[in-house]
Amino acid sequence: MDSRIEERRGQSIKEIFASCGQAAFRRWEKEEAARCGIEQGAVIATGGGVVLDAGNVQALKANGYLVFLDRLPKAIMDNSSITERPLLAAGQESLAQLALERRPLYLATADEVLPVAANFKDSLNPLLALAQGATCRGFAVIGDPIGHSLSPLLHRAVFKALNIDIPYNALRIPQGYLKEFIRGVRGGVLQGFTVTIPHKREILPFLDEVRGGAALCGAVNTVMRDKGRLIGYNTDMEGLLLALKRQGYSYAGQNVLILGAGGAAAGVAYKAGASGARVTVLARRAGQAAALSPNFGELNSENLSRESPKADILINATPLGMKDFGADFPDLSFLANLPAGALVCDLVYNPAATSLLKEAARLGLAVMNGMEMLIWQAILAEQIFVGLDKFDFAYEIMQKAISK
Ligand code: NAP
């Protein structure tokens with residue numbers, strides 16, 4: 001706001017104070033607050049004195065969300081540009097005095113108070129999550145890491161082919177910041193979003209309703225706004241089933257060995273079990289695996305070697321081997337124990353050939369990466385988002401988009 005006042009007046013704040021006085025500055029600040037108050041999809045930083053006028057607060061709050069970054073005076077003074085402020089000419093003492101007068105006002109008017117720790121950048125994470133939720137338009141995918149995600153490419157391609165002019169963004173929301181993101185979404189204009197690692201399970205308590213298989217398996221990968229309410233769905237489980245079916249596989253009567261017990265594994269384990277498979281889950285935290293199947297264990301070499309000979313379908317639902325994840329299977333010797341006709345399925349799709357799939361193929365086993373599942377869960381998400389019903393058409397468009 002101060003930069004805008006400076007631009008409009010052609011003078012720095014310091015010059016405005018010196019030549020016109022504080023009263024004139026406050027008048028112009030009031031005009032600026034009224035202009036900012038009617039903006040949409042913007043993050044606005046205000047001067048510290050803006051709260052002194054109840055009209056300013058009313059204008060900014062009418063259409064916005066006020067966040068107070070609560071920082072110790074000493075840390076504020078360490079920012080060299082702050083000492084340029086006219087009211088801080090006397091240094092730390094004047095700042096302490098201002099803080100004494102204004103902090104109660106900040107606390108009383110803010111919708112959210114963010115304590116700012118020594119690491120200023122990290123302290124801004126909640127604010128970034130909130131701002132992304134509040135300002136993003138159309139649809140989006142949220143997760144962390146998110147750089148590898150092909151979801152925007154797939155959804156944008158179908159929107160374009162259907163002449164739907166709606167953006168699809170990728171938002172990096174780190175673990176632990178869903179609360180702020182959802183708060184932003186509730187006050188913003190996002191119509192819906194898909195959810196990837198690591199939020200599929202953690203998101204449930206923040207939603208107004210969770211439908212169908214998502215409620216049964218406790219994992220959500222698609223959220224749609226419906227008359228202001230956020231509704232969660234799971235299209236992962238059906239997506240993998242469709243992908244398997246198109247390759248000639250089904251779950252009925254099969255031994256399915258799932259590695260990992262996170263959001264994706266929850267949906268896959270539920271669907272496989274409900275479709276007549278005998279499901280075993282191995283995860284690095286055995287307790288997590290126990291929640292998905294009565295046949296469970298810790299993900300270690302011994303259990304992998306013991307369970308592999310019984311598996312008709314092995315599904316990797318961990319991020320091991322995924323681009324930018326930074327970790328891979330330390331030992332793939334268990335693959336040699338799988339029966340000759342077994343299928344090795346990796347939910348990871350980037351890279352297309354993970355070390356798990358390369359080794360399985362080298363051993364002559366059937367392999368499938370996560371790309372087909374990605375496409376089908378995206379098609380089912382679009383059914384929820386925009387009522388898509390031309391599945392084969394969307395499949396072709398998405399296939400083309402990926403192969404470009
Ligand atoms: P998630 O909820 O974070 O779960 C990840 C699971 O992997 C958890 O059980 C986690 O164990 C385990 N894990 C993480 N790092 C590990 C490591 N270093 N060693 C052993 N286990 C580890 O993630 P998600 O959403 O289920 O996604 C899992 C993978 O599936 C991701 O690569 C994702 O991209 C992929 N995926 C693909 C599709 C598709 O359409 N192709 C759809 C969904 C998911 P802890 O709980 O102990 O951390």
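This is a predicted model: local features need pLDDT of at least 70, side-chain atom pairs count only at pLDDT 80 or more; totals for chains, interfaces and linings use all residues.

Let me begin with K227, which is exposed, having a relative accessible area of 79%, where exposed means over 50%, buried means under 20%, and partly exposed lies in between, computed with a 1.4 Å probe on protein chains only. Residues are numbered from 1 along each chain as its sequence is written, and side-chain values use heavy atoms, with hydrogens and water left out.

The side chain of K227 meets that of D226 in a salt bridge, at 3.9 Å from N to O, and D226 counts as partly exposed at 31% relative accessibility. By salt bridge I mean a side-chain nitrogen of Lys or Arg within 4 Å of a carboxyl oxygen of Asp or Glu, and by this rule the count comes to 21 salt bridges. Salt bridges that share partners also join R4, R8, R9, E31, E32, R35 and E39 into one network.

Within that network, the side chains of R4 and E32 meet at 3.7 Å, N to O. This pair links distant parts of the chain, with R4 in helix α1 (residues 2-9) and E32 in helix α3 (residues 22-37), 28 residues apart; helices here are DSSP runs of H or I with at least four residues, strands are runs of E with at least two, and both are numbered from the N terminus. Is E32 buried or exposed? E32 is buried, with a relative accessible area of 1%, whereas R4 is partly exposed at 31%.

Now to the sheet, which is open and has six strands in the order β4-β3-β5-β7-β8-β6, with mixed pairing, two strands being paired if DSSP finds at least two bridges between them. Because β4 (168-172) and β6 (209-210) stand at the edges, each with a single partner strand, one side of each is left without a neighbour in the sheet. Strand β3 (residues 139-143) and strand β5 (residues 192-195) pair in the parallel sense over four bridges, and I142 stands opposite V195 in β5.

Helix α17 (residues 371-386) packs on this sheet, touching β3, β4, β5, β7 (222-226) and β8 (229-233), where contact means heavy atoms within 4.5 Å. The direction of α17 makes about 5° with that of β7; the axes are lines fitted to C-alpha atoms, for helices over the stretch in contact, and angles run from 0 to 180 degrees between N-to-C directions.
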